[in-house]
Number of protein chains: 2
Amino acid sequence: MSARFYSLLLAFLLAAPGAFSETLKLPDNLTGFSSPSGESFLVESTAKEAYFPLASNFLTQKTQAYCGVASIVMVLNALNVPAPSVPEYEPYKTFTQDNVLNERTEAILPRQVLDKQGMTLDQIGAILSTQPIKAEVRHASDTSLEQFRTQASSFLAKPGHFVIVNYLRKAIGQEKGGHISPLAAYDEKADRFLILDVARYKYPPVWVTTADLFGAMNTVDSDNENKTRGYVLISSPLGD
Amino acid sequence: MSARFYSLLLAFLLAAPGAFSETLKLPDNLTGFSSPSGESFLVESTAKEAYFPLASNFLTQKTQAYCGVASIVMVLNALNVPAPSVPEYEPYKTFTQDNVLNERTEAILPRQVLDKQGMTLDQIGAILSTQPIKAEVRHASDTSLEQFRTQASSFLAKPGHFVIVNYLRKAIGQEKGGHISPLAAYDEKADRFLILDVARYKYPPVWVTTADLFGAMNTVDSDNENKTRGYVLISSPLGD
């Protein structure tokens, strides 16, 4: 073994304490997707129809402001909404974080604002509504923990139904501001939802309790006229 | 409902027969990840430790020649190998299809050649070996279906162990040339491996029988001195 090998190995060990994670450490209230408990939550979940098409389209937000854009792209590809073309993939088509933005989304949220402050809950709903799908915005203050649990878990259990959440990271013990990602599954036994976090350079997917997630959505967003954060229920107009 | 809504709905229906799929139709020998059988194969699989970290890092190849690059990035991130920085994600670090290529990989496979003809099995092994991990290349002609089944399934069952396959798409009924992607799980009951196909604009993840996959690896690659395709067994030097 060369000195280079050992120096690399040493760098590896020093850089990666614990589970060799490059992502941030999870607080105790969150369960990582790749942990033994995280794995069993997925297996035992009976509300995971959303999981399979979303996992097939899981991606990393392109910039630190693009959590909303990445979440929308994942859901549109998971719903198989007819997609625009991409020069690199001709003749195949898919939604990307570049081609999903157009003149219609520009009128809802100018790219200049998006690049600086990201997207609000109402903007997610409005941008999704430029596509041939149903998108219903629910502010946490207009609903309840019980309603959220029932609606979100029933959506995740049905093919062609998806949920995007907008929550405050620090309220669930993460670093730290407002964030957006899709939910993929609900495990009734643990009363936890699986967030497929699009900031993959920062956190792995996590299982969060319904109470913690609802609390983190039930926070005020100063970029959205001080309305609370919340969730968007999304489905194909052919479904239901 | 506006005329625009109905015209979009009509476009949606016309563009999306069957399961509204934008990806290519799968031949009968392959089982889609998001199908009822595909879902149960994952649940019943007992060799799926590789699945969770890989699914957390699943991505789309950047160009049609980048299947090897995307597969390598997924495995390095899944292994939590200390990653280079990315301007957009500061202070967080992660491997991407841009930053994984450097002077050391350029010496193995010049980017100009990569952009034109992709990567061979031996180049995957050599590029992975520039990182502090173990990568063992197995050409199909030097092994057997039984050996592949045993080695690959045992790797997929152990944390920190991964398998990348290099196979001929048309041998499993897909369009059409040589391709590279990571394996994520093995279901013993179905005797099928799960390929997390990085050409996500083209095909969903599929469950393929061991015999079909081995046959597709046991094909000659004219870009690799007419050696057969095959697989790479990858692990952390701290494991085993």
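Predicted model: local features only at pLDDT ≥ 70, side-chain atom pairs only at ≥ 80, totals over all residues.
The strands β4(B) and β5(B) form a hairpin in which four residues lie between them. In the turn of that hairpin, Asp191(B) adopts a positive phi of about 50 degrees. Both faces of β5(B) are covered. Arg192(B) and Leu194(B) lie on one side, Phe193(B) and Ile195(B) lie on the other, and all are buried.

In chain A, strand β9 (residues 230-235) has six of its six residues buried, so the strand is largely enclosed by the rest of the structure. Two strand pairings involving β9(A) were examined. Strand β2 (residues 134-139) of chain A is joined to β9(A) by six bridges, the two running antiparallel. In this pairing, His139(A) stands opposite Gly230(A) of β9(A). Strand β3(A) is likewise joined to β9(A) by six bridges in an antiparallel arrangement. Across that pairing, Ile164(A) stands opposite Val232(A) of β9(A).

Helix α2(A) has Gly38(A), Glu39(A), Phe41(A) and Leu42(A) as its buried residues. Viewed down the axis of α2(A), these buried residues fall within an arc of 160 degrees, so they line one face of the helix. An α-helix has 3.6 residues a turn, so residues three or four places apart point the same way.

One of these buried residues, Leu42(A), also contributes to the lining of the largest cavity. A search of the whole structure finds one cavity of 30 Å³ or more, and the largest cavity holds about 40 Å³ of space. Its lining consists of Leu42(A), Val43(A) and Lys48(A) from chain A, together with Leu42(B), Val43(B), Lys48(B) and Phe52(B) from chain B. The elements giving two or more residues to this lining are α2 (36-44) of chain A and α2 (36-44) of chain B. By class, the lining of the largest cavity comprises five nonpolar, no polar and two charged residues.

Side chains of opposite charge can pair when their charged atoms come close. The side chains of Asp197(A) and Arg169(A) form one such salt bridge, with an N to O distance of 2.9 Å. This pair links distant parts of the chain, its members being 28 residues apart. Asp197(A) lies in the loop between β5 (192-195) and β6 (206-209) of chain A, whereas Arg169(A) lies in the loop between β3 (161-168) and β4 (178-187) of chain A. Both partners fall under the 20% limit for burial, with relative accessibility of 0% for Asp197(A) and 2% for Arg169(A).

A second salt bridge joins the side chains of Asp221(A) and Arg229(A), at 3.9 Å from N to O. Asp221(A) counts as buried because its relative accessibility is 7%, and Arg229(A) counts as buried at 8%. A further salt bridge connects the side chains of Arg138(A) and Glu136(A), at 3.1 Å from N to O. In this pair, Arg138(A) is partly exposed at 24% relative accessibility, and Glu136(A) is partly exposed with a relative accessible area of 28%.

Asp28(A) is located in the loop between α1 (3-15) and β1 (31-32) of chain A. With a relative accessibility of 77%, Asp28(A) counts as exposed. The C-alpha atoms of Asp28(A) and Asn218(A) are separated by 21 Å, the two residues being 190 residues apart along the chain.

Terms used: Residues numbered from 1 in each chain as written. Chains lettered and ligands numbered in written order. Heavy atoms only, no water. Salt bridge = Lys/Arg side-chain N within 4 Å of Asp/Glu carboxyl O. Buried < 20%, exposed > 50% of the residue type's maximum accessible area, 1.4 Å probe, protein only. 1 Å grid on protein atoms, 1.4 Å probe; cavity = no way out; pocket = protein on both sides within 12 Å on 5 of 7 lines; lining within 4 Å. Points joined across faces, edges and corners; volume = space filled by probe spheres on them. Nonpolar A, V, L, I, M, F, W, Y, C, P; charged D, E, K, R; others polar. Pairing = 2+ DSSP bridges. Arc of directions from axis to C-beta.
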